[in-house]
Amino acid sequence: MFKGFTRFLQSPGERLKSLFGPDSSAGPPEPRVIPRQEHPVSRQHFSDAALKVLYRLHNAGYQAYLVGGCIRDSLLGRMPKDFDVATDATPEEVKELFRNSRIIGRRFRIVHVRFGREVIEVTTFRGKPGDDHGDHIAQQSDEGLLLRDNVWGNIQEDALRRDFTINALYYSIADFSIHDFANGVRDIEARTLRLIGDPATRYREDPVRMLRAVRFAAKLDFHLDPATEAPIRELAPLLLQIPPARLFDEILKLFMSGHGVATFRLLRHYGLFEMLFPAAAEAMDALPWAEPLVEAALASTDRRIAEERPVTPAFLFAALLWGPVVLRQAEQEAKGLPPIPALQAASQQVVSHQLQHISIPKRFSLPMRDIWDLQQRLPLRRGRRVYQTREHPRFRAAYDLLLLREAAGELEPGLGDWWTAFQQADEHEQRRLLDKAGANPAGSGAPRKRKRRRRGPRGGNGGDNGNA
């Protein structure tokens, strides 16, 4: 069996054809049960936490299925990371079974079951809202946006409420079979992303589905079905209805999952990016280096994720919004403000405007502004200021942004090389670099040792110790 699974990983498309047969693409989708011996999905690839949730629900007499991305990724030969469970148990019934759980959300009530740092998301099968359901259970805006969706149903109804066919795949813990309700297996084999139902209606119900379409297409290297693709440009402005806090979470998924460059290009192609970052889109039209800078920052982030190195949204947002800051700073300087106050005023304007579209928590927006402020300090290479700049907590991120600015063509090369050499140099070489940059030849620029002072009247701050 393991050899067979290895062959499946090497060529999932061909294996799916042989496993599920040519007639998987024929006729309207019917619920199809694929027995364990005919698919490669194994419990060995599921987390212990996910299995505990499945078995406890099953042993309590409830239906329990793994659903969505973990099954899709397993069929594509990828190791699944996130595990979502679907069940006929209500949120209250789930919570009774798991002391380590809590019900979250009002718009969509779900249960989070926590095992240490791992969270298993458990959702109750959803049904179709009816006229007899009050607004506290199901509610829709005049534009079609789902405001609340807590109508419980059966597994068939739940499958057709899913967004994409490739996510309407259910793995049963009862007999280890896969239930395919919307020809998701066929679309996986064809590497096609297809919405279930009428695309325009589904996008109006939840405009974030347009972002999910782009994210899955970039992540999985799938193409969008023509009907799924067609309404996106026209309906892109619907994203303006989505709360900024929710869009922040979506941005992290879009740009910090290792496929940021491909995702960014698709967002630009479908007119979605300007709904998320309107000032950045404006800067890209006005500044020839703004778009290459963003792509370079995303490429750097993708590489770090691939190398399992840490990444921070603060740096990415600093790069995304640097173009708008430059434009606003030029406007402020044209009004007579000096460069540093002009930068500070521009930063405030850009952040305030962006928060109307995407919430950026202060734990990221404050470091982002530090990175911008340091762009003014990096060219100043005299005396102790150089050492203070180098010791700043955000220096490394600011230095990385400087390199990207040079690579994108905003700045002439040179300053980035100087800072690279300065970081790698010993004390003697650092003195030489400072002299070459125009520092005072009489001083090294390094923090001076504090001289012993005669005892005198107490008062003052005790002298300058050289720290910023």
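**View 1. Helix α9 within the predicted model.** Among the buried residues are Val208, Met210, Phe216 and Leu220. Helices here are DSSP runs of H or I with at least four residues, and strands are runs of E with at least two, numbered from the N terminus. Just after α9, Asp221 takes a positive phi of about 60°. The model is predicted, so local features need pLDDT of at least 70 and side-chain atom pairs count only at pLDDT 80 or more, while totals for chains, interfaces and linings use all residues. Residues are numbered from 1 along each chain as its sequence is written, and side-chain values use heavy atoms, with hydrogens and water left out.

**View 2. The packing of α9 against α13.** Helix α9 (residues 208-220) packs with helix α13 (residues 260-269) at an angle of about 140°, their axes being 9 Å apart; axes are lines fitted to C-alpha atoms over the stretch in contact, and angles run from 0 to 180 degrees between N-to-C directions. In the contact (heavy atoms within 4.5 Å), Leu211, Val214, Ala217 and Ala218 of α9 meet Ala262, Thr263, Leu266 and Leu267 of α13.

**View 3. Two loop residues with positive phi.** Phe176, in the loop between β9 (169-172) and β10 (178-180), has a positive phi of about 65° although it is not a glycine. Asn183, in the loop between β10 and α7 (184-190), has a positive phi of about 55° and is likewise not a glycine. Asn183 is buried, with a relative accessible area of 11%.

Terms used. Buried < 20%, exposed > 50% of the residue type's maximum accessible area, 1.4 Å probe, protein only.
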